[in-house]
Amino acid sequence: RSSYGITLLPGDGIGPEVVDVAKDVLFVAGAKEGVELRFQEMLMGGAALDAVGVPLPDETLAAARASDGILLGAIGGYKWDNNEKHLKPETGLLDIRSGLGVFANLRPVTVFPQLVDASPLKKEVAEGVDIMVVRELTGGIYFGKPRGFGSNDKGEETGFNTEIYSVSEIDRIARVAFEVARKRGGKLCSVDKANVLEASMLWRKRVTAIASEFPDVELSHMFVDNAAMQLVRNPKQFDTIVTNNIFGDILSDEASMITGSIGMLSSASVGESGPGLFEPIHGSAPDIAGQDKANPLATILSAAMLLKYGLGVENAAKRIETAVTQTLDNGFRTGDIYSPGTTLVGCKRMGKEVLKALESQK
Ligand code: NAD
Ligand code: IPM
Ligand code: MN
């Protein structure tokens with residue numbers, strides 16, 4: 001097949017700024033490989049709330065399901081922060097992930113050699129880091145019931161959530177992680193809190209059981225608090241990490257800083273079937289929204305993941321990765337990855353430079 005339909009979900013804050021740029025890059029990379037991409041933009045998050053009163057309109061989910069891949073910017077902002085739960089932009093995001101069944105979220109943590117100086121870690125600690133965080137995305141405390149607000153026996157107000165995983169949920173994410181590790185460095189570290197939490201005890205038991213299907217992958221286990229520390233102490237000890245929804249959320253933001261900025265981290269969310277959801281790991285960055293300051297590379301690299309994992313057009317994905325490398329070689333930096341001696345540019349200009357690099361490819 002050489003023609004695909006892509007759903008664009010720009011969302012809020014810097015979301016529309018980075019998606020705008022990534023869309024053009026995606027289009028050109030596809031065209032270079034003889035692949036035609038058709039785009040359909042839909043409402044999501046706060047933008048959808050303002051326009052139609054819900055964070056994930058039925059038409060958006062239907063269009064996403066009917067497409068071949070989805071590129072999302074980011075959602076959320078101060079304006080909707082005090083909304084009731086069902087009217088939060090974030091609820092729309094959780095609903096589309098669960099509605100699409102994309103339970104496996106791949107978050108690559110790759111230190112570009114050109115950006116070693118942008119990392120707050122020492123050069124010798126940061127350089128060469130290449131980790132894949134496999135985050136379970138449709139279970140755990142984000143979705144567990146019971147949840148809500150109540151009161152305790154003293155009549156005091158309470159808020160509560162449930163961290164829960166079933167065997168099938170753990171087994172399927174473990175299998176994805178082992179497959180990923182097998183194609184990478186052959187090492188998988190499962191991160192949990194099995195010294196305290198029952199959900200983690202089951203997690204560790206099942207990941208250990210699934211390991212027998214992958215004798216070629218070396219499995220280790222680590223408690224999440226230690227993992228948070230080890231990521232800063234010696235990140236090169238990690239190859240592939242598999243962890244639950246909330247630990248994966250937190251550890252991937254932490255790990256992003258090894259690369260210099262959260263603005264560098266892309267992600268792919270995939271399920272058993274149906275289209276994948278591709279998004280940067282960062283949020284809507286309301287503090288810099290509307291100022292043309294956002295780093296679009298996380299979204300551009302997510303577009304590359306869409307081509308690779310979503311459409312299977314690996315050559316087009318490679319083109320984007322090469323163009324990003326070239327742009328960094330050429331010295332262009334947004335503020336978040338700037339260091340003296342490089343050229344400070346905005347979001348749009350960064351996009352133009354990546355496009356230029358792409359267009360100059362054979
Ligand atoms: P955030 O990721 O939006 O921002 C954290 C910090 O990183 C800010 O200082 C921001 O300016 C900076 N940053 C983020 N992306 C950047 C980029 N591409 N280039 C340069 N700097 C960048 O996290 P937050 O401030 O905690 O959350 C803001 C809103 O985003 C909240 O409403 C939150 O719920 C939402 N959020 C959405 C997603 C998503 O859509 N997937 C992810 C995380 C947070
Ligand atoms: C992310 C975000 C989301 C999450 C929020 C906005 C619901 O932080 O994509 O990492 O926690 O999954
Ligand atoms: Mn997050």
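The model is a predicted one, and the domain assignment of the protein gives domain 1, covering 1-111 + 261-362, and domain 2, covering 120-259. An open sheet of 10 strands is present, with mixed pairing, and residue shells are described below for ligand 1 and for ligand 2.

**Domains and their contact**

- The centres of domain 1 and domain 2, taken over C-alpha atoms, are separated by 24 Å.
- Where the two domains meet, 20 residues of domain 1 are in contact with 26 residues of domain 2.
- On the side of domain 1 that touches domain 2, helix H4 (89-100) and strand S4 (104-110) each supply at least two residues, and the largest share, seven residues, comes from S4.
- Sorted by class, that side of domain 1 has 12 nonpolar, six polar and two charged residues.

**The sheet**

- Read across the open sheet, the strand order is S2-S1-S3-S12-S11-S4-S5-S10-S8-S9, and the edge strands, each pairing on one side only, are S2 (36-41) and S9 (218-223).
- Strand S8 (residues 187-192) runs parallel to strand S10 (residues 240-243), and four bridges join them; Val-191 stands opposite Thr-243 in S10.
- Helix H7 (residues 198-210) packs on the sheet, where it touches S8, S9 and S10, and its direction makes about 160° with that of S8.
- S8 is also joined to S9 by six bridges, and these two strands run parallel; within this pairing, the bridge partner of Cys-189 is Ser-220 in S9.
- The chain crosses from S8 through H7 to S9, forming a β-α-β crossover that is right-handed.
- As a general point, strands of a sheet pair through backbone hydrogen bonds, either parallel or antiparallel.

**A hairpin**

- Strand S6 (148-151) runs antiparallel to strand S7 (residues 157-160), and the two are joined by four bridges, with Gly-148 standing opposite Phe-160 in S7.
- S6 and S7 form a hairpin with five residues between them, and Gly-155 in the turn has a positive phi of about 80°.

**Surroundings of the ligands**

- Ligand 1 is surrounded by 21 residues, and the closest are Gly-76, Gly-263, His-282, Gly-283 and Asn-295.
- By class, the shell around ligand 1 divides into 10 nonpolar, seven polar and four charged residues.
- The shell around ligand 2 has three nonpolar, two polar and two charged residues.

**Backbone features to note**

- Most residues other than glycine have a negative phi, and most peptide bonds are trans.
- The peptide bond from Lys-145 to Pro-146 is cis, with omega near 5°, and Pro-146 lies in the loop between strand S5 (130-136) and strand S6 (148-151).
- Ala-285, a residue other than glycine, has a positive phi near 40°, and Ala-285 is found in the loop between strand S12 (277-278) and helix H10 (297-310).

Definitions and conventions: Residues are numbered from 1 along each chain as its sequence is written. Chains are lettered from A and ligands numbered from 1 in the order in which they are written. This is a predicted model: local features need pLDDT of at least 70, side-chain atom pairs count only at pLDDT 80 or more; totals for chains, interfaces and linings use all residues. A residue is near a molecule or strand if its C-beta atom, placed from the backbone, lies within 6 Å of it. Ala, Val, Leu, Ile, Met, Phe, Trp, Tyr, Cys and Pro count as nonpolar, Asp, Glu, Lys and Arg as charged, and the others, Gly among them, as polar. Domain bounds come from an automatic or database domain assignment. Two residues are in contact if their C-beta atoms, placed from the backbone, lie within 7 Å. Two strands pair if DSSP finds at least two bridges between them. Axes are lines fitted to C-alpha atoms, for helices over the stretch in contact, and angles run from 0 to 180 degrees between N-to-C directions. A crossover is right-handed if, with the strands pointing away from the viewer, the path from the first strand over the helix to the second runs clockwise.
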